[in-house]
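Here are a few notes to read with the structure open beside you. Take them one at a time and find each spot as you go.

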Amino acid sequence: MSGEKVLSSAQCRAARAMLGWSREDLAEKSGVSRPTLADFETDKRKPYDRTLADIQRTLETAGLEFIPENGGGAGIRFRERKAPAGE
């Protein structure tokens, strides 16, 4: 994760959708409470930077890559996925 990039609420929602994860899934995998995720994703409050880092790290571990603002807008994409063992 780059030091300057801060995960946005829209990116978080989009990342969950790309992975097919519910808020509960992300909460369980990241260790961030569901109410904190709900408040963040609905722009009710901004979590601590450490919490945002935990969320982003979890999403990156799941295979997503966050693309920084570069004139075309920030975004998300899948990194090349490794095939599970045995495939």
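What percentage of the 87 residues of the chain count as buried?

1. The answer is 38%. Keep in mind that this is a predicted model, so every remark below is about a prediction.

2. The chain has four helices and two strands. If you start at the N terminus and walk along, the order is α-α-α-α-β-β. Now look at contacts between residues with a separation of 6 or more: 49% of them join residues 24 or more positions apart.

3. Next, the inside. In soluble globular proteins, nonpolar side chains tend to be buried together. Here the largest nonpolar core has 16 residues, and Leu26, Ile55 and Leu59 are the ones with the most contacts inside it. At least two residues of this core come from each of α1 (9–19), α2 (23–30), α3 (34–41), α4 (49–61) and β1 (64–67).

4. Zoom in on Leu26. Leaving aside residues up to four places away in sequence, Leu26 touches Cys12, Arg16, Trp21, Gly31, Leu37, Ile55, Thr58 and Leu59. So which residues of α2 and α4 meet? On the α2 side they are Leu26, Lys29 and Ser30, and on the α4 side Asp54, Ile55, Thr58 and Leu59.

5. How do those helices cross? Two packed helices are described by the angle between their axes and the distance between the axes. For α2 and α4, the angle is about 100 degrees and the axes are 9 Å apart. An angle from 65 to 115 degrees counts as roughly perpendicular, so that is the word for α2 and α4.

6. Most residues other than glycine have a negative phi. Asp43 has a positive one, near 60 degrees. You'll find Asp43 in the loop between α3 and α4. Is Asp43 buried or exposed? Its relative accessibility is 58%, so Asp43 counts as exposed.

7. Finally, go to Arg79, in the segment after β2 (75–78). With 34% relative accessibility, Arg79 counts as partly exposed. Arg79 and Glu60 are 19 residues apart along the chain, and their C-alpha atoms are separated by 8.6 Å. Not counting residues up to four places away in sequence, Arg79 touches Glu60, Thr61, Gly63, Leu64 and Glu65.

Note on methods
Residues are numbered from 1 along each chain as its sequence is written. This is a predicted model: local features need pLDDT of at least 70, side-chain atom pairs count only at pLDDT 80 or more; totals for chains, interfaces and linings use all residues. Side-chain values use heavy atoms; hydrogens and water are left out. A nonpolar core is a set of buried Ala, Val, Leu, Ile, Met, Phe, Trp, Tyr and Cys residues joined through side-chain atoms within 4.5 Å. Buried means under 20% relative accessible area, exposed over 50%, partly exposed in between (1.4 Å probe, protein chains only). Contact means heavy atoms within 4.5 Å. Axes are lines fitted to C-alpha atoms, for helices over the stretch in contact, and angles run from 0 to 180 degrees between N-to-C directions. Angles under 35 degrees count as roughly parallel, over 145 as roughly antiparallel, 65 to 115 as roughly perpendicular and the rest as oblique.
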